[in-house]
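Here is a briefing on the model shown below. It goes through the ligand sites, the domains, and then selected residues.

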Amino acid sequence: MTEQKFDFEYTVACLGAGYVGGPTMAMVALKCPEVKVIVADINEKQISAWNSDKLPMYVFYEPGLEEVVKACRGRNLFFTADCDKAVIEADMIFVSVNTPTKKYGAGAGKAADLKNWELAARHISRVANGDKIVVEKSTLPVRTAHSMSRVLHANDRKLHFEVLSNPEFLAEGTAMKDLAKPDRVLIGGNNKEKAGKNAIDRLVWIYEHWVPKERILTTNLWSSELSKLVANAFLAQRVSSINSISALCEQTGADIDEVAKSIGMDQRIGNRFLQASVGFGGSCFQKDILNLVYICESIGLKEVAEYWQQVVSMNDWQKCRFAQRMVKSMFNTVADKRIAMLGFAFKKDTGDTRETAAVYVAKHLLDERAKIAIYDPRVSEAQIKMDFDYYEALPKDEKFSSRIDICKDAYGACKGSHAICVMTEWDEFKDLNYQKIYDSMAKPAFIFDGRYDFVLVVGFFYCLNLVFFLDRNILNLEGLKKIGFEVYGIGKPMPESLKMDETSVI
Ligand SMILES: NC(=O)c1ccc[n+]([C@@H]2O[C@H](COP(=O)([O-])OP(=O)(O)OC[C@H]3O[C@@H](n4cnc5c(N)ncnc54)[C@H](O)[C@@H]3O)[C@@H](O)[C@H]2O)c1
Ligand SMILES: O=c1ccn([C@@H]2O[C@H](COP(=O)(O)OP(=O)(O)O[C@H]3O[C@H](CO)[C@@H](O)[C@H](O)[C@H]3O)[C@@H](O)[C@H]2O)c(=O)[nH]1
């Protein structure tokens, strides 16, 4: 991308051009035309994807993103693999590198792996030619800023680096909307010192271009770092809570739709994040809660650690429960049966598959020797293959192609299958011709709906105009029953035939 010459008032760079770094910086560039924005990544492939004419949808499918990138790229938004140049040019450097769960050594399976963050900090310290503001955009354990400040200052050139925490709260699939109209922007800094206050003011100035001042919160560093972990823990806790109740509904005849609506209309509880599902996925919830658990364990807060651990354990149980329900319903065997999996992404409107519930359900079914036919409108075959490897979902000595069939559409996946499981709430799954699908399947034809979608309903309550969500399974379960399907919906009263199977011995 050739760079045109403009006099920019200020330059920001971002190390890490992933799901967060790319969209976040694109929004800064859109809203702050006088600011030059450079997004740098050590992964050259990633950078050439951002610089390509059409953003590869399997890499960055995010509604509204392409339009913003096209409007700003080459004007005040630049993507580069030259991280040195980005650091040298920038007054402020966001660090938005990945901080996955550590897989080795102390804290393996729980603690955040800070390797990338430390490398980025060392890089900045090594090549910077002047004082810089360094902004934590990645999600990090509380008190990371302290360690990072030490790493950054371990240079012999007497440079000063002011570290801020500015965690990101966007959700994938709605990232551009979330960035354009955030509930709040959180900025943590050393608000006791002049340099810290100046740095906070600079970052506030950026966001003030489009975010109302009252939505920009400034706090101390540790509150900001911790708030990000806590926000995700609370959100995930709601999903695990409603999922725990979904199991109770299935056994008692209560209906999870009705329960969620009834409790959600209580304004103290609120109606969002009450959609029961096969389990939460995505790169953040599990990782961030485990990180919180690890921090609590490390400082001896055993009871607090156990409390939050249960949110993840409940989620694991829900994924497993869903897969077991499938096996039990299908006469306790799925060996050599073709099972159509509709959706593989961890939620709709994204091609992201990190920690997707689909791969865990698939693993369980493959252990039971099923054959799986997968269709997802935004996830490539290569990505699915990588996920099966990464999560070791395929039994040893089994070839991917002998057990997994990646299909071009839902009809192809369902054809000849004994069962369908809906793993992602893609809108297109609501409008399929289910009669045609039923006719093409082995009988009895089962359908297991692991997802809820919602319709927005505007209701009037006294004089107040209340907006609430009415939950429902992604599929019209009653309609499917009329066609002849054996239907299972999360949190729906279980049919008597399935209840019988529940008590049977494998
Ligand atoms: N994905 C989300 O929805 C989301 C939302 C809020 C916060 N977060 C947090 O933001 C951070 C980034 O998440 P993500 O989903 O964008 O990750 P990602 O894996 O999509 O992107 C991270 C990028 O950083 C690059 N990178 C790694 N080390 C680097 C270095 N030293 N210099 C330059 N580039 C480097 C990688 O090549 C990769 O492209 C994580 O801490 C995550 O927890 C993610
Ligand atoms: O009622 C609900 C809501 C969500 N989910 C599932 O929970 C997961 C996470 O969904 P969501 O939070 O919408 O997506 P993420 O992109 O993972 O966003 C979360 O994680 C980000 C990374 O930290 C944060 O920035 C966001 O604020 C936070 O919502 C997905 O599998 C959803 O299907 C449910 O099962 N039921």
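In this predicted model, a backbone N or O atom of Tyr19 sits 3.1 Å from an oxygen atom of ligand 1. Side chains also take part: an N or O atom of the Asp41 side chain is 2.7 Å from an oxygen atom of ligand 1. For the Gln46 side chain, the corresponding distance from an N or O atom to an oxygen atom of ligand 1 is 3.3 Å. On its own, ligand 1 has 830 Å² of accessible area, and the protein covers 91% of it.

**Ligand 1: the shell**

- Ligand 1 is surrounded by 25 residues.
- The closest are Val20, Asp41, Thr99, Glu172 and Lys287.
- By class, the shell around ligand 1 splits into 8 nonpolar, 11 polar and 6 charged residues.
- Where does ligand 1 lie relative to domain 1 and domain 2? It lies between them, because both domain 1 (10-219) and domain 2 (232-498) give residues to its shell.

**Ligand 2: polar contacts and cover**

- A polar backbone atom of Phe169 is 2.7 Å from an oxygen atom of ligand 2.
- For Gly281, a polar backbone atom is 2.9 Å from an oxygen atom of ligand 2.
- Leu274 places a backbone N or O atom 3.4 Å from an oxygen atom of ligand 2.
- How much of the accessible area of ligand 2 does the protein cover? The protein covers 91% of the 690 Å² that ligand 2 has on its own.

**Ligand 2: the shell**

- The shell around ligand 2 holds 21 residues.
- Phe169, Leu170, Ser277, Cys284 and Arg451 are the closest.
- Its residues comprise 11 nonpolar, 4 polar and 6 charged.
- Which helix gives the largest share of the shell around ligand 2? That helix is α9, with 4 residues.
- Helices α9 (221-252) and α11 (285-298) each supply at least two shell residues.
- Domain 1 (10-219) and domain 2 (232-498) each contribute at least three residues to the shell around ligand 2.

**Domains**

- The domain assignment divides the protein chain into domain 1 (10-219) and domain 2 (232-498).
- Their contact takes 22 residues from domain 1 and 24 residues from domain 2.
- The C-alpha centres of domain 1 and domain 2 are 32 Å apart.

**Two buried helix residues**

- Asn232 belongs to helix α9.
- Asn232 counts as buried because its relative accessibility is 6%, and the cut-off for buried is under 20%.
- Leaving out residues up to four places away in sequence, Asn232 touches Cys284, Phe285 and Asp288.
- Ile384 lies in helix α14, which covers residues 381-390.
- Is Ile384 buried or exposed? Ile384 counts as buried, because its relative accessibility is 1%.
- Leaving out residues up to four places away in sequence, Ile384 touches Phe344, Ile374, Val379, Phe400 and Ile406.
- Ile384 and Leu179 are 205 residues apart along the chain, and their C-alpha atoms are separated by 29 Å.

**Backbone geometry to check**

- Most residues other than glycine have a negative phi, and most peptide bonds are trans.
- Phe273 is not a glycine, yet its phi is positive, about 60 degrees.
- Phe273 lies in the loop between α10 (256-264) and α11.
- With a relative accessible area of 34%, Phe273 is partly exposed.
- Asp336 also has a positive phi, near 65 degrees, and is a residue other than glycine.
- The loop between α12 (302-329) and β9 (338-342) holds Asp336.
- Why does Asp336 count as exposed? Its relative accessibility is 51%, and exposed means over 50%.
- Lys443 and Pro444 are joined by a cis peptide bond, with omega about -5 degrees.
- Pro444 is found in the loop between α17 (434-439) and β13 (446-449).

Terms used
Residues numbered from 1 in each chain as written. Chains lettered and ligands numbered in written order. Predicted model: local features only at pLDDT ≥ 70, side-chain atom pairs only at ≥ 80, totals over all residues. Heavy atoms only, no water. Near = heavy atom within 4 Å. Polar contact = N/O pair within 3.5 Å; in protein donor to acceptor, adjacent residues only side chain to side chain. Areas by Shrake-Rupley, 256 points an atom, 1.4 Å probe, with all protein chains shown as cover. Nonpolar A, V, L, I, M, F, W, Y, C, P; charged D, E, K, R; others polar. Domains from an automatic or database assignment. Buried < 20%, exposed > 50% of the residue type's maximum accessible area, 1.4 Å probe, protein only. Contact = heavy atoms within 4.5 Å.
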